[in-house]
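Here is a short briefing for a first look at this structure. Start with the strands, then turn to the pockets.

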Amino acid sequence: MRHVIALDVGGTGMKAALAGPEGEVLHRARRATARAQGPEAVVAGILDFAAELFAYGAEQFGTPARAAGVAVPGIVDETRGVAAYAANLGWRDVPLRDLLTERLGVPVALGHDVRTGGLAEGRVGAGLGADRFLFVALGTGIAGAIGVDGRVEAGAHGFAGEIGHVVVRPGGAPCPCGQRGCLERFASAAAVSEAWAAASGTPGADAADCAKAVESGDPGASRVWQEAVDALADGLVTALTLLDPRVLIVGGGLAEAGKTLFTPLREAIRSRITFQKEPSVVPAALGDAAGCLGAGLLAWDLLDRTDRTEVTP
């Protein structure tokens, strides 16, 4: 069985799979990232994990992996295959693609975690069949992926899709990026958690608690939630104006609120657009498997189409 290695590296853990030619998952595995031991240990752990997956695939399927795809957080230079910076992993300028290629002896693709997850959502998930899509992940921060004809645009310097740093409230709350009023300071899961904890007087309250309070009719929660939805709609309409996607896919922790988020968000977007075409606004479909599935797609994209099929004499 021809297959590739798919590896999604997170701040605390790594998810991996061996993926077949049509994206089917043949084997799954997980391992801790071990970031407490330092960036060198994290890199060593990635290399060892990939080597183990390579050996397992060769033993179980009679042939080694044809390629590998790896998704990592932070700033990623996909052209050079370098993990440039990740605050939660502590690394800088790690030539991860070259290190993995040397260790495995097969082609390796390196991608940004959100863009890689967006690739999976656009190609085999909620955006299946769409020629243009925008994927937005509402988590601790907000990031996005711009999809065009089954590919995700990284940009000239690897920063395409950073919608969380579109300024929606000029002069507003300071952002770690150095600007004030960035979208993620008002509409991320972390921002909603912070706002609701303050409004409710409950230090441990989070965005999920706010959503439940909205559903129960709490006026304070409704106010916090609507402020976040309004900020999100402002940022998304800016993106829609620039990109004109056919489908807008929303994922991440905040999207788990379901219709509590999507009903007012669709209304807010609709009320703001004028000449723009309203896209389909849909929830992400793949959950936390998106990054791993996308890494597999990156790996297969390195290969010629003939590498996906067995050759019969």
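Strands S5 and S6 (residues 82-86) pair in the antiparallel sense over 3 bridges. Strands and helices here are DSSP runs, numbered from the N terminus: at least two residues (E) for a strand, at least four (H or I) for a helix. Two strands count as paired if DSSP finds at least two bridges between them.

This is a predicted model, in which local features need pLDDT of at least 70, side-chain atom pairs count only at pLDDT 80 or more, and totals for chains, interfaces and linings use all residues. Residues are numbered from 1 along each chain as its sequence is written, and side-chain values use heavy atoms, with hydrogens and water left out.

**The three-strand sheet**

- Val76 stands opposite Ala83 in S6.
- The open sheet has the order S5-S6-S7, and its pairing is antiparallel.
- Strand S5 (75-77) and strand S7 (91-94) are at the edges with a single partner strand each, so one side of each has no neighbour in the sheet.
- From one strand to the next, the twist averages 15 degrees. Axes are lines fitted to C-alpha atoms, for helices over the stretch in contact, and angles run from 0 to 180 degrees between N-to-C directions.

**The five-strand sheet**

- A second open sheet runs in the order S11-S10-S9-S12-S13, with mixed pairing.
- S11 and S13 are its edge strands, each with a single partner, so one side of each is left without a neighbour in the sheet.
- Neighbouring strands of this sheet are turned by 30 degrees against each other on average, direction ignored.
- S9 and strand S10 (residues 142-148) are antiparallel and share 7 bridges. Leu134 has Ile146 in S10 as its bridge partner.
- Strand S9 (residues 132-138) runs parallel to S12, joined by 5 bridges. Ala137 is the bridge partner of Gly251 in S12.
- S12 also pairs with strand S13 (residues 280-283), in the parallel sense, over 4 bridges. Ile249 stands opposite Val282 in S13.

**Strand S12**

- Is S12 enclosed or open? 5 of the 5 residues of S12 (residues 247-251) are buried, so the strand is largely enclosed by the rest of the structure. Buried means under 20% relative accessible area, exposed over 50%, and partly exposed in between (1.4 Å probe, protein chains only).
- Val247, Ile249 and Gly251 point one way, Leu248 and Val250 the other, and all are buried.
- In a regular strand, side chains alternate between the two faces of the sheet.
- S12, helix H8 (residues 259-272) and S13 form a right-handed β-α-β unit. Right-handed means that, with the strands pointing away from the viewer, the path from the first strand over the helix to the second runs clockwise.

**Pockets**

- The largest pocket has a volume of about 1600 Å³. A pocket is an open set of points on a 1 Å grid over the protein atoms alone, where a 1.4 Å probe fits, with protein on both sides within 12 Å along at least five of seven lines; lining residues have an atom within 4 Å of a point. Grid points are joined across faces, edges and corners, and a volume is the space filled by probe spheres set on the points.
- Its lining has 50 residues, with Asp113, Val114, Gly139, Thr140 and Gly141 nearest the centre.
- Helix H3 (residues 113-124) gives the most to this lining, with 5 residues.
- The second largest pocket has a volume of about 270 Å³.
- It is lined by 15 residues, of which Glu78, Leu119, Val152, Leu298 and Asp301 lie nearest its centre.
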